Amino acid sequence: MTARTSVISISGATLAISATLPATYDAAGYGATTMTYTAIGEIENYGSHGVKANISEFTPVDTAVVAKIKGAKNYGSMSLTIGSIPTNAGQVIVAAAAESNNHYSAKMTYPDGEVHYLDVIVASHEYQDGSVNDTSKVAVELAICKKPVVVAAA
Amino acid sequence: MSGVAIARYLLAHHAGLTAVVPAARIVAGVVPPGTVLPAIGITQVSGSERNTVAGTEPKKLVAERVQVTILAASYPQQKELLGLLPSALPATRGTINGFACDSITPEGEGPDLYSADPVIYEQSKDFFIRYIR
């Protein structure tokens with residue numbers, strides 16, 4: 001696949017998870033043959049992921065202009081909405097990860113081939129039930145612990 | 001289409017309903033003009049699939065709004081048939097005529113309709129039928 005030169009939808013994007021952590025947190029480490037990723041099926045919403053910095057504000061009286069200072073960075077979390085299939089191999093790993101303190105490796109592949117590797121902790125795994133016409137779903141939050149490793153499409 | 005097939009199979013195999021409307025006059029689609037009354041037509045109003053981002057899952061949950069239209073020879077007969085529909089199309093889960101039915105839920109009734117020539121007493125009831133495709 002070739003890198004995008006125009007905007008695309010994310011239709012066709014996939015997310016896979018691995019209990020294995022890379023030897024190095026870079027493209028080579030995440031892409032090593034020893035890293036086995038299992039696709040998480042039935043994802044209907046990926047939410048968002050990326051960096052947010054804490055902004056400190058200081059307002060000196062003489063200028064009366066708010067000064068902003070960039071502080072700590074937080075790579076936030078990815079909130080997934082998933083159609084619940086308890087036997088789906090990827091969902092089995094996610095459910096186990098939610099009960100574990102371990103970090104996991106996630107691999108998101110965009111339709112044009114761009115890949116984002118994420119170091120995550122599965123922070124939540126909530127069953128969404130609702131009413132008669134609702135689909136049985138699971139809400140999963142992946143807390144992202146490091147800067148995503150982005151591998152551009154070829 | 002499968003929602004119609006599921007509904008038609010259940011209706012045509014419901015003893016209480018077929019005692020009033022023979023299975024041969026419970027049709028998928030619109031009841032042809034000139035059909036002896038009472039008759040029932042089953043049509044699809046709308047349908048949608050549950051979409052995922054990947055779009056590669058082998059099975060999909062499909063939801064169809066299916067309309068069951070009663071064509072009767074009298075108003076009491078119209079209401080009798082309407083009253084039989086809940087038991088003929090109950091909340092259902094399992095294999096129905098080869099289809100993996102997820103659920104059937106009623107979704108409201110239409111108004112009383114009347115045609116003077118020919119005389120037809122008509123009313124519809126909608127159902128949401130979900131199945132795995």
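Predicted model: local features only at pLDDT ≥ 70, side-chain atom pairs only at ≥ 80, totals over all residues.

Trainee: How many helices and strands does the secondary structure of chain A come to?

Mentor: Read from the N terminus on, the elements of chain A follow the order β-α-β-β-β-β-β-α-β-β-β-β. The C-alpha atoms of this chain fill a box of roughly 65 × 45 × 35 Å along the principal axes. In total, the secondary structure of chain A comes to 2 helices and 10 strands.

Trainee: Which residues are the closest to the centre of the largest pocket?

Mentor: The space in the largest pocket comes to about 770 Å³. Its lining has 35 residues, and those closest to the centre belong to both chains, with A:Glu42 and A:Ile85 from chain A, and from chain B the residues B:Arg50, B:Lys59 and B:Leu61.

Trainee: Which element gives the most to the lining of the largest pocket?

Mentor: The elements that each supply at least two residues of this lining are β1 (14-18) of chain A and, from chain B, β2 (39-49), β3 (61-72), β5 (99-109) and β7 (119-132). By class, the lining residues divide into 13 nonpolar, 12 polar and 10 charged. The element that gives the most, with 4 residues, is β5(B).

Trainee: How many charged residues does the lining of the second largest pocket have?

Mentor: The second largest pocket has a volume of about 270 Å³. Of the 19 residues that line this pocket, the closest to its centre are B:Val31, B:Pro32, B:Leu71, B:Ile120 and B:Glu122, while β2, β3, β6 (113-116) and β7 of chain B each supply at least two lining residues. Sorted by class, the lining has 11 nonpolar residues and 7 polar ones, and the number of charged residues is 1.

Trainee: Which residues of chain B lose the most area to chain A?

Mentor: The contact between the chains involves 16 residues of chain A and 11 residues of chain B. About 960 Å² is buried between them, with carbon and sulfur atoms giving 46% of that area. On the chain B side, 57% of what is buried comes from the three residues that lose the most area, namely B:Arg50, B:Val53 and B:Glu57.

Trainee: With which residue of chain B does A:Glu44 form a salt bridge?

Mentor: Across the interface of the two chains there are 9 residue pairs in polar contact and 2 salt bridges. The side of chain B that touches chain A has 5 charged residues, together with 3 nonpolar and 3 polar ones. In the salt bridge of A:Glu44, the closest N and O atoms are 3.0 Å apart, and the partner is B:Arg50.

Trainee: Where does B:Pro118 lie in chain B?

Mentor: One joins B:Leu37 and B:Pro38, with omega about 0 degrees, and B:Pro38 has its place in the loop between β1 (26-28) and β2 of chain B. The other joins B:Asp117 and B:Pro118, again with omega about 0 degrees. B:Pro118 lies in the loop between β6 and β7 of chain B.

Terms used:
Residues numbered from 1 in each chain as written. Chains lettered and ligands numbered in written order. Heavy atoms only, no water. 1 Å grid on protein atoms, 1.4 Å probe; cavity = no way out; pocket = protein on both sides within 12 Å on 5 of 7 lines; lining within 4 Å. Points joined across faces, edges and corners; volume = space filled by probe spheres on them. Nonpolar A, V, L, I, M, F, W, Y, C, P; charged D, E, K, R; others polar. Contact = heavy atoms within 4.5 Å. Buried area = accessible area lost by both parts, 1.4 Å probe. Salt bridge = Lys/Arg side-chain N within 4 Å of Asp/Glu carboxyl O. Polar contact = N/O pair within 3.5 Å; in protein donor to acceptor, adjacent residues only side chain to side chain.
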